[in-house]
Amino acid sequence: RAHDLAMLFHLNSEPWMNTQAYDEPSPPPPIFSIETAPRVPLPPAKDCSIVELIRSRYSCREFSGDALAAAALGTLLQHSYGFTGLREVAGVRLHHRPVPSAGALFPLEIYLLAENVTGIPNGGYHYAAWHHRLERVAGDASIAALLPSLQEQQYLVGANVLVFITAVFARTMTKYGPRGYRYILLEAGHVAQNICLLATELGLATLCLGGFRESAINEVFKLDAPRKGAVYAVAIGHGMSPLSLQRAAK
C-alpha cells in the first residue's frame, strides 16, 4: 500500500546519517535566476513588526547554560503549538492552534528535555497542550546523555531546552494517505519557526536540528514507533555572544 511506502521511507531514512557531511564546510548556496525570462522589478520591502524578529533569528552554536525562567518556556510552548481556542467551520467545532494543519488534525506532539529551567526538575517531558502543563516521562534523561544520538553536536551542551517535535502519523495519514506524511513535515516546520521567532522576541537563542537518531529519541520518551516518531528538534537557551556577532558569523 502507498501508506506503507511512506512509513517505509520514514524508517529507512534514519540509518542514513552522513556523519562526514557534518564535518565538512558547506559551500554558499547558488543564486538562481532565469535570465531569459521577462523581468518585473518589485518595490522595496516595507518594515513591519515581525521583520526585526526575522532578521534577528540566528542558529546558535554556543549556549551559556544560564538558567531559563519557567515563564519563558511556558510562553514558547503555548504560542508555538498550544491551544488558542475553538472555532466553528461549516457547523463543525475545531480546535484552533498557532499553525496551519491539514484537515485541522494537528498530528504533532511536543516532547522536551529541560535543564536548568527555574522551578522545573531536569528531565524529559511531554507538553500537554490542552491543559498547558508538562508531564514528566523521563526523569533521568539529559542532553549530554543523548549526544551520541545527536551527531555528537557538542554545542548543544548549555541549552536549557531541547524540544522534539514528534508525529502521531495516523492522525493525518488515515485521511490523506501517503500525502499526509508531507503535511506532517510541513506542520513541523511551522512549529519550529514559531519557536524560533518567539525565542528571539524573548531574547533567547535557538538551533534547529534534523540530525538525530529518532529511534533513540523515541525510546527516551517512550514513543510507540513506528506509529509515533520524532521528526524535528529545536534547542533553546541563552546565547553566549551578542546577536549581531552571531548573525554575522551565520
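Begin by selecting F212, which counts as buried at 3% relative accessibility (buried means under 20% relative accessible area, exposed over 50%, and partly exposed in between, with a 1.4 Å probe and protein chains only). Before going further, note that this is a predicted model, in which local features need pLDDT of at least 70 and side-chain atom pairs count only at pLDDT 80 or more, while totals for chains, interfaces and linings use all residues. Residues are numbered from 1 along each chain as its sequence is written, and side-chain values use heavy atoms, with hydrogens and water left out.

A pair of aromatic rings is described by the distance of the centres and the angle of the planes. For F164 and F212 the ring centres are 5.9 Å apart and the planes stand at 85°, so the pair is edge-to-face. The rule is that rings of Phe, Tyr and Trp (its six-membered ring) pair if their centres lie within 6.5 Å, and that planes under 30 degrees apart count as stacked, over 60 as edge-to-face and the rest as tilted. This pair links distant parts of the chain, with F164 in strand β6 (residues 161–168) and F212 in the loop between β7 (205–209) and α8 (214–220), 48 residues apart. Helices (H or I, at least four residues) and strands (E, at least two) are DSSP runs, numbered from the N terminus. If you also select Y111 and F221, you will see the one aromatic cluster that they form with F164 and F212.

How many aromatic pairs does the structure hold? There are 8 of them, and another to select is F9 with Y181, an edge-to-face pair at 6.2 Å centre to centre with 80° between the planes. Here too distant parts of the chain are linked, for F9 belongs to helix α1 (residues 2–12) and Y181 to helix α7 (residues 179–201), 172 residues apart. Y181 counts as buried, at 9% relative accessibility.

Stay with α7 and show helix α6 (residues 169–176) beside it: the two axes come within 7 Å and cross at roughly 140° (axes are lines fitted to C-alpha atoms, for helices over the stretch in contact, and angles run from 0 to 180 degrees between N-to-C directions). Colour F169, T172, M173 and Y176 of α6, together with R179, G180, Y181, Y183 and I184 of α7, and you have the residues that make the contact, where contact means heavy atoms within 4.5 Å.

Next select helix α4 (residues 70–81), whose axis comes within 9 Å of that of α7 and crosses it at roughly 140°. Among the residues making this contact are T75, L76 and H79 of α4 and E187, V191 and N194 of α7.

Which residues does T200 touch, not counting residues up to four places away in sequence? T200, which lies in helix α7, touches L53, S56 and R57, and T200 is buried, with a relative accessible area of 12%.

As a last stop, select R179, which has its place in helix α7 and counts as partly exposed at 43% relative accessibility. Its C-alpha atom and that of I110, 69 residues apart along the chain, are separated by 22 Å.
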